[in-house]
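Subject: Structure for your review

Dear colleague,

Please find the structure below, together with its sequence.

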Amino acid sequence: MAAPPRSKDELVRRCPRLGSPVPFGYCRKSGDRGLPCLMVFDCWWEVFDVVAHLRGILVPEDFGAVYEKRPKPKMTSLLEIIEQAKKRTQKDE
Ligand code: SF4
């Protein structure tokens with residue numbers, strides 16, 4: 001039986017982008033400027049409290065940079081597109 005991971009960095013899951021297993025330590029550094037991947041919240045929220053963990057280890061500016069750029073759920077994006085189209089239509093009238 002494998003020993004349990006010693007730290008969050010050793011936790012492993014399948015990466016939807018790479019199609020292979022990756023440790024959290026990779027996800028934590030694989031974004032721009034060595035910041036976490038923008039998918040990190042979506043990929044890890046079921047495994048542990050990734051928001052609290054990253055808040056604890058990143059400076060607020062870096063946490064905000066990752067959190068604000070995270071991909072939005074498709075339904076949210078679709079609703080925003082519809083709302084923008086409505087506003088454009090109202091302007092044109
Ligand atoms: S956070 Fe990024 S690198 Fe990590 S598993 Fe998700 S998509 Fe892959």
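Which residues does Arg 13 touch, not counting residues up to four places away in sequence? Please bear in mind that this is a predicted model. In it, Arg 13 touches Ser 20, Pro 21, Val 22, Cys 43 and Trp 44. Arg 13 belongs to strand S1, which covers residues 12–14. Arg 13 counts as partly exposed because its relative accessibility is 27%, which lies between the limits of 20% for buried and 50% for exposed.

The nonpolar core

The largest nonpolar core has 17 residues. Among those with the most contacts inside it are Phe 24, Cys 27, Phe 41, Trp 44 and Leu 54. At least two residues of this core come from each of the helices H1 (24–27), H2 (40–44), H3 (50–57) and H4 (60–69). The largest share, four residues, is supplied by H2.

Leu 54 is found in helix H3, and its relative accessibility is 0%, so it counts as buried. Leaving aside neighbours within four places in sequence, Leu 54 is in contact with Phe 24, Arg 28, Pro 36, Val 40, Phe 41 and Phe 63. Between the C-alpha atoms of Leu 54 and Val 66, which are twelve residues apart along the chain, the separation is 9.7 Å. Phe 41, with residues up to four places away in sequence again not counted, touches Val 50, Val 51, Leu 54, Phe 63, Val 66, Tyr 67 and Arg 70.

The ligand and the cysteines

The ligand sits in the largest pocket. Around the ligand are Cys 15, Pro 16, Arg 17, Val 22, Tyr 26, Cys 27, Ser 30, Cys 37, Met 39, Val 40 and Cys 43. Helices H1 and H2 each supply at least two residues of this shell.

How many disulfides does the structure hold? A disulfide is a covalent bond between the sulfur atoms of two cysteines. The structure holds zero disulfides.

With kind regards

Note on methods: Residues numbered from 1 in each chain as written. Predicted model: local features only at pLDDT ≥ 70, side-chain atom pairs only at ≥ 80, totals over all residues. Heavy atoms only, no water. Core = buried A, V, L, I, M, F, W, Y, C linked by side-chain atoms within 4.5 Å. Buried < 20%, exposed > 50% of the residue type's maximum accessible area, 1.4 Å probe, protein only. Contact = heavy atoms within 4.5 Å. Disulfide = S-S within 2.5 Å. Near = heavy atom within 4 Å. 1 Å grid on protein atoms, 1.4 Å probe; cavity = no way out; pocket = protein on both sides within 12 Å on 5 of 7 lines; lining within 4 Å. Sits in = over half its atoms within 2 Å of the grid points.
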